[in-house]
Amino acid sequence: MKSYILDQLESSYNKTTWFVPIKPAIEGLTAEQAAWTQAEETNSIHDIIRHLLFYKADYLKQFTDGKERTEVTEIQQTFEGEESWEKTVQQLFVIMDSWLQAVEEADEEKLQTWAKEIAHICQHITYHTGQIVHIRKVQGSWRKEQGIS
């Protein structure tokens with residue numbers, strides 16, 4: 001179970017398999033590119049990373065400390081923030097590295113209990129990574145060497 005969960009986390013985070021994970025999907029982006037939106041009602045890449053960071057950090061606290069999930073009244077709040085692009089990216093990488101470490105240290109019983117939720121966490125990351133790749137293609141900042149032409 002542990003190796004399966006670690007593989008799923010790594011595939012959504014930093015290990016390219018047959019799709020691009022989040023880390024290489026945002027590498028090389030400038031703050032300006034990350035803030036770009038195609039239309040007023042769409043989220044920027046920076047917004048999407050803030051959203052992912054909010055939920056991955058929140059679930060990590062629950063997984064490691066047993067803390068209650070943060071109640072969200074408006075989902076749009078999870079996309080908003082004041083941090084710089086560089087700080088947001090760094091925070092995401094710290095949280096994802098912490099997830100890998102927490103799973104590595106978890107016992108089999110805990111992983112059995114959390115397996116379905118962690119699968120959803122990975123699906124959530126890959127869903128938004130697809131959005132990011134699409135946004136980058138539309139704005140012209142995606143290079144096919146990054147994994148998808």
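Which residue forms a salt bridge with aspartate 7? Select lysine 15: its side chain forms that salt bridge, and the closest N and O atoms are 2.3 Å apart. A salt bridge here is a side-chain nitrogen of Lys or Arg within 4 Å of a carboxyl oxygen of Asp or Glu.

Before continuing, note that this is a predicted model, in which local features need pLDDT of at least 70 and side-chain atom pairs count only at pLDDT 80 or more, while totals for chains, interfaces and linings use all residues. Residues are numbered from 1 along each chain as its sequence is written, and side-chain values use heavy atoms, with hydrogens and water left out.

Stay with the first pair. Lysine 15 is partly exposed, at 30% relative accessibility, and aspartate 7 is partly exposed at 28%. Buried means under 20% relative accessible area, exposed over 50%, and partly exposed in between (1.4 Å probe, protein chains only).

Next, select helix α4, residues 45-65. Helices (H or I, at least four residues) are DSSP runs, numbered from the N terminus. Within α4, aspartate 47 and arginine 50 lie three residues apart, about one turn of the helix. They form a salt bridge with the closest N and O atoms 3.0 Å apart, and both residues are buried.

Because glutamate 83 lies in the loop between α4 and α5 (85-105), the pair ties together parts that are 33 residues apart in sequence. Arginine 50 has a relative accessible area of 12%, whereas glutamate 83 is partly exposed at 30%. The whole structure holds three salt bridges.

The crossing makes α4 roughly antiparallel to α6, a term for angles over 145 degrees.

Finally, select Trp36, Phe79 and His128, which are among the residues lining the largest pocket. A pocket is an open set of points on a 1 Å grid over the protein atoms alone, where a 1.4 Å probe fits, with protein on both sides within 12 Å along at least five of seven lines; lining residues have an atom within 4 Å of a point.

Key. Axes fitted to C-alpha atoms, helices over the stretch in contact; angles between N-to-C directions. Helix = DSSP H or I, 4+ residues; strand = E, 2+ residues; numbered from the N terminus. Parallel < 35°, antiparallel > 145°, perpendicular 65-115°, else oblique.
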